[in-house]
Amino acid sequence: MKGVADSPEETLMRRALALAERGAEKGEVPVGALLVQGRLDVRRPKVLARAHNLTEGRPDPTAHAERLVLERGARALKRWRMNDCTLVVTLEPCCMCAGAAVWGRLGRIVYGAADPKAGACGSVIQVADHARFNHRIPVQGGVLEAECAALLKAFFRSRRGKGGIP
């Protein structure tokens, strides 16, 4: 019996998950992100940038996957306004990343797992669609949420008790 085909968001989230897994192999918190220009429902959406967290490897507290793809995407576009782009990320963006998306005039954010400790797209605070900002970003959360959350939980579980993250 044939399964139901993935939505465009799920297909892209699977690619972001693969990036997150690559980051985890390097000891990074497993978050992966893509910046996609134009429509997601075309056969081959245009991926401008891809990244996983690099905060440990650089070391740089701002080297989150989302911020890296926004930087790389702006460079590829040769402009900072990205209203025709979608950020696809495995974890709900934090304040820094959601703020960067607002300042970059991003068109949309799609995320996997909610972040009940630091999420800035509705879980803890709302930066992406804040009423006081002159730019608001539509947000879709929960895309492949179970898979995204499982990767993060497994990573942190493996770190506990090994002198890693408490």
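Helix axes are lines fitted to C-alpha atoms over the stretch in contact, and angles run from 0 to 180 degrees between N-to-C directions. Helices (H or I, at least four residues) and strands (E, at least two) are DSSP runs, numbered from the N terminus. The model is predicted: local features need pLDDT of at least 70, side-chain atom pairs count only at pLDDT 80 or more, and totals for chains, interfaces and linings use all residues. Residues are numbered from 1 along each chain as its sequence is written, and side-chain values use heavy atoms, with hydrogens and water left out.

Two packed helices are described by the angle between their axes and the distance between the axes. The axes of H1 and H4 come within 11 Å. They cross at roughly 5°. Contact means heavy atoms within 4.5 Å. On the H1 side, Met13, Arg14, Leu17, Ala20, Glu21 and Ala24 take part. They meet Glu147, Cys148, Leu151 and Phe155 in H4.

The strands form an open sheet. Strands of a sheet pair through backbone hydrogen bonds, either parallel or antiparallel. Two strands count as paired if DSSP finds at least two bridges between them. Here, 5 strands follow the order E2-E1-E3-E4-E5, and the pairing is mixed. Strand E2 (46-52) and strand E5 (139-140) are the edge strands, each pairing on one side only. Helix H1 (residues 8-25) packs on this sheet and touches E1, E2, E3, strand E4 (108-113) and E5. The direction of H1 makes about 140° with that of E1. Strand E1 (residues 32-37) pairs with strand E3 (residues 85-91) in the antiparallel sense, over 5 bridges. In this pairing, valine 36 stands opposite threonine 86 in E3. Helix H4 (residues 145-159) lies across E3 and E4 and runs at about 60° to E4.

Charged side chains were examined next. Side chains of opposite charge can pair when their charged atoms come close. A salt bridge is a side-chain nitrogen of Lys or Arg within 4 Å of a carboxyl oxygen of Asp or Glu. The whole structure holds 7 salt bridges. One of them joins glutamate 9 and arginine 108 (3.0 Å, N to O). This pair links distant parts of the chain: glutamate 9 lies in helix H1 and arginine 108 in strand E4, 99 residues apart. Relative accessible area sorts residues into buried (under 20%), exposed (over 50%) and partly exposed in between, with a 1.4 Å probe and protein chains only. Glutamate 9 is buried, at 14%. Arginine 108 is partly exposed, at 21%.

A second salt bridge joins glutamate 71 and arginine 75 (2.8 Å, N to O). Both residues lie in helix H2 (residues 65-77), 4 residues apart, about one turn of the helix. Glutamate 71 is partly exposed, at 35%, while arginine 75 is exposed, at 53%. Aspartate 129 and arginine 136 also meet in a salt bridge (3.6 Å, N to O). Salt bridges that share partners join Arg67, Glu71 and Arg75 into one network.

Rings of Phe, Tyr and Trp (its six-membered ring) pair if their centres lie within 6.5 Å; planes under 30 degrees apart count as stacked, over 60 as edge-to-face and the rest as tilted. The count comes to 2 aromatic pairs. The ring centres of phenylalanine 155 and phenylalanine 156 are 5.2 Å apart, and their planes stand at 80°, so the pair is edge-to-face. Phenylalanine 155 is buried, at 7%, whereas phenylalanine 156 is partly exposed, at 23%.
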